[in-house]
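Subject: Structure handover

Hello,

Here is the structure we talked about. Please open it and keep it beside this email as you read.

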Number of protein chains: 2
Amino acid sequence: MLEIRASAPGKLILHGEHAVVHGKLAVAASLDLRASLVLTLNDDAKVKLSLAELNIDIDFPLSDLPQVSAEGASSTQLDQPLYQAIHTLVAARDELSEGLESRRFAVEALLYLYCGIVKATSTQEQDEQSPSGVTINVKSDLPIGAGLGSSAAYSVCLASSMLALTRPIDAANAADLDAINAWAFLSESIIHGKPSGLDNTISCFGGAVSFASGKFNRVSTFQSLEVVLVDTGVPRSTKALVSGVRERKHEFPAVMDPLLDSMGHLSQTFLDISQQLAETSDTDPLFTKLETLMTMNHHMLNAIGVGHPALDDVVRLASSLGLAAKLTGAGGGGCAYVLLRPHASEDVKAKLFAALKEKGLRYWTTSLGGAGVAVERSDANQ
Amino acid sequence: MLEIRASAPGKLILHGEHAVVHGKLAVAASLDLRASLVLTLNDDAKVKLSLAELNIDIDFPLSDLPQVSAEGASSTQLDQPLYQAIHTLVAARDELSEGLESRRFAVEALLYLYCGIVKATSTQEQDEQSPSGVTINVKSDLPIGAGLGSSAAYSVCLASSMLALTRPIDAANAADLDAINAWAFLSESIIHGKPSGLDNTISCFGGAVSFASGKFNRVSTFQSLEVVLVDTGVPRSTKALVSGVRERKHEFPAVMDPLLDSMGHLSQTFLDISQQLAETSDTDPLFTKLETLMTMNHHMLNAIGVGHPALDDVVRLASSLGLAAKLTGAGGGGCAYVLLRPHASEDVKAKLFAALKEKGLRYWTTSLGGAGVAVERSDANQ
């Protein structure tokens, strides 16, 4: 029995959040909390999706799916007629009318990729003879809406598994990765409107990426870093935070411009130091620098108005244990990360975890800069 | 009976601390916590000083004081032979051998100004006929070593009272103020080694002063501001903090240089807004800006490494009441100030004071930018 398993990581912004909106450099890396997908075939001639984290359990008869033109079969851009047909199909389903809007988007993305990749490549003869349905189960370690790229990890899982259904896919092959990434970007476009493409690129390729003015550069020498990711549980609006910074820049340009400059330079300094980390075994002095940069950037993010006392509490707790932390992403709540040095003291870690538990905060010990998408096809009959 | 009363204010750095060390603009204003001095004559032919805050109660026979040359009688620079003679005299006194070094310096400054101003202008005949001693009592509202210009306020009191002993002194007269300021600077040189002259200038003239690269500009339009000054009670070393910033600048120039630039521009923006305050009655929007600038600067000072959790606590407390606060001076402990708008809610103030009391913190409600030195000579026999 055919089974395709795919998994893909989230992403974490190390430095440069907000500054990147104003043309400065930012750095993000893959976050080894992953979305995982299992695809099997079914005899019900249906596309079935189960996505526990969004409380989605839905299916669509294959016969309801729209026809796919040459444009719909291409990963270069979203085919509007195909998308509109899928949108109409999904909008009609009562199961998706409540809860997060992203529940509908997640289903639309699935159907779009199914149509564009699988349906478009199957011949009419195949369709009529053996109309196998697909059953897709997705689970995710990633908190949703926390700026950690959960939708990109989902999109990359979808794209890679659909492609693997039509032909052999090797996650070590550059052309295959490009194909996965292109389809994942379309999925992200459905989910987010106008994504930068950063999240799916990191989720697909893993490692770290520096980005500025819409351009990405993969950081070839990036050394994996251990972090404790902490979710403050404080909700926030990324949009409101971004526009708050823009207003403050408009009100105090002479103060904000050099401050944002400083944040961009800090990203570059971080990259320089991570380059040095790859070239030496004496890493302690470099980690001291990385820690100083994190603390500085956290305070600068406070200065531009995107802090929150709950984030400061994490930074202060870390600092009391000799560790550095900073907020990541939009700020105003959401997540912070604490850097762990290699061979960090077990005692210190235990104290950190105990204190986080006591505050009732969710946290994950995980690594940054690790592998991207993984995809595996097996057939139990073989 | 002759009595001279003098008082002089401390100073508070509003913005630009630390940045000013690196050539950026800073702004300071007089702080209406004052040192007060009462000078009377005595028949014991002694110079007597009582200075409660430094636990000083000491006297010197007039006959022990060194001779004064023309150089010693001049306020343009410290006369080294005179200073050395006084230094030797003071070093011999066991009462001053313990406690703060500033206890000795305070006595040296007193004797230097007495010799340079009073002794130098009395004729030998006067000396022999009526060798009246002087009794000086000093009290101060200003915490010592908190970066609030307590020594400058003391120096200005000394200089103005000594001058008033020799001739009529009018604190509204520019030449008299210049004379007081010049002598106070010599006193500060004895106490601090190489003072910038900022503290004595503000203490002497009152109001606000902007300064950069060793140059002062009095801010003619400065509007008095109400603040709550809070002493965290956390001791710190200004020297270590200043050198920590220098090291960080050396280590991360690309990050620190624009950050310090931003702080300098913030001082200028503050000045622009206080200028606008003088020109409108609709001050609320301007106070909102002043509050934003304070919060931003506090976080930037954290970013350059001169923060302290106790200072953050004050900022957070203020913020929880809708008020803005920032550290002032060297940071790393010491004082923070909370800005009060005109007609600030009594309820909010009461909550602030209650919370500060609960934390066991000393605080003072006071104003910035008020009057400088005051000096008054009275003779009960007249």
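Two residues are in contact when they have heavy atoms within 4.5 Å of each other. Keep that in mind for the contact lists below. Also note that this is a predicted model.

**Leu293(A)**

Start in chain A. Leu293(A) sits in helix α9, which covers residues 284–303. Its relative accessibility is 0%, so Leu293(A) counts as buried. What does Leu293(A) touch, leaving out residues up to four places away in sequence? In chain A, the list is His15(A), Leu266(A), Thr269(A), Phe270(A) and Ile273(A). In chain B, Leu293(A) touches Phe252(B) and Val255(B). His308(A) is 15 residues from Leu293(A) in sequence, and the two C-alpha atoms are 19 Å apart.

**Glu188(A)**

Next, go to helix α5 of chain A, residues 174–192, and find Glu188(A). This residue is buried, yet it has no salt bridge. Which side chain of opposite charge is nearest to Glu188(A)? It is Lys11(A), 7.7 Å away. Beyond four places in sequence, Glu188(A) touches several residues, including Ser151(A), Ser155(A), Pro195(A) and Asp199(A).

**Salt bridges**

Over all chains, the structure holds 34 salt bridges. Here are some to look up:

- Asp176(A) pairs with Arg167(A), at 3.0 Å from N to O. Asp176(A) is buried, at 10% relative accessible area. Arg167(A) is partly exposed, at 33%.
- Glu3(B) pairs with Arg5(B), and their closest N and O atoms are 2.9 Å apart. Both are partly exposed: Glu3(B) has a relative accessible area of 23%, and Arg5(B) has 43%.
- Asp59(B) pairs with Lys46(B), at 3.7 Å from N to O. This pair links distant parts of the chain, with Asp59(B) in strand β4 and Lys46(B) in strand β3, 13 residues apart. Asp59(B) is partly exposed at 26%, and Lys46(B) is partly exposed at 27%.
- Asp284(A), Glu291(A) and Arg341(A) are joined into one network by salt bridges that share partners.

**Asp312(B)**

Asp312(B) lies in helix α10 of chain B, residues 309–320. It is partly exposed, with a relative accessible area of 21%. Apart from neighbours within four places in sequence, it contacts His298(B) and Asn302(B), plus Arg316(A) from chain A. Ala325(B) is 13 residues away in sequence and 9.0 Å away in space, C-alpha to C-alpha.

**Two positive phi angles**

Most residues other than glycine have a negative phi. Two residues of chain B are worth checking against that. Ala45(B) has a positive phi near 55°. It lies in the loop between β2 and β3, and it is partly exposed at 24% relative accessible area. Ser213(B) has a positive phi of about 50°. Its place is the loop between β6 and β7. Is Ser213(B) buried or exposed? It is exposed, at 61%.

**The cavity**

Last, look inside. The structure holds one cavity of 30 Å³ or more. The lining comes from chain B and includes Leu14(B), His15(B), Phe270(B), Met294(B) and Tyr337(B). β1, α9 and β10 of chain B each give two or more residues to the lining. By type, the lining has seven nonpolar residues, one polar and no charged.

Best wishes

Note on methods: Residues are numbered from 1 along each chain as its sequence is written. Chains are lettered from A and ligands numbered from 1 in the order in which they are written. This is a predicted model: local features need pLDDT of at least 70, side-chain atom pairs count only at pLDDT 80 or more; totals for chains, interfaces and linings use all residues. Side-chain values use heavy atoms; hydrogens and water are left out. On a 1 Å grid over the protein atoms alone, a cavity is a set of points where a 1.4 Å probe fits but cannot get out, and a pocket is an open set with protein on both sides within 12 Å along at least five of seven lines; lining residues have an atom within 4 Å of a point. Grid points are joined across faces, edges and corners, and a volume is the space filled by probe spheres set on the points. Helices (H or I, at least four residues) and strands (E, at least two) are DSSP runs, numbered from the N terminus. Ala, Val, Leu, Ile, Met, Phe, Trp, Tyr, Cys and Pro count as nonpolar, Asp, Glu, Lys and Arg as charged, and the others, Gly among them, as polar. Buried means under 20% relative accessible area, exposed over 50%, partly exposed in between (1.4 Å probe, protein chains only). Lys and Arg count as positive and Asp and Glu as negative; His and the chain ends are not counted. A salt bridge is a side-chain nitrogen of Lys or Arg within 4 Å of a carboxyl oxygen of Asp or Glu.
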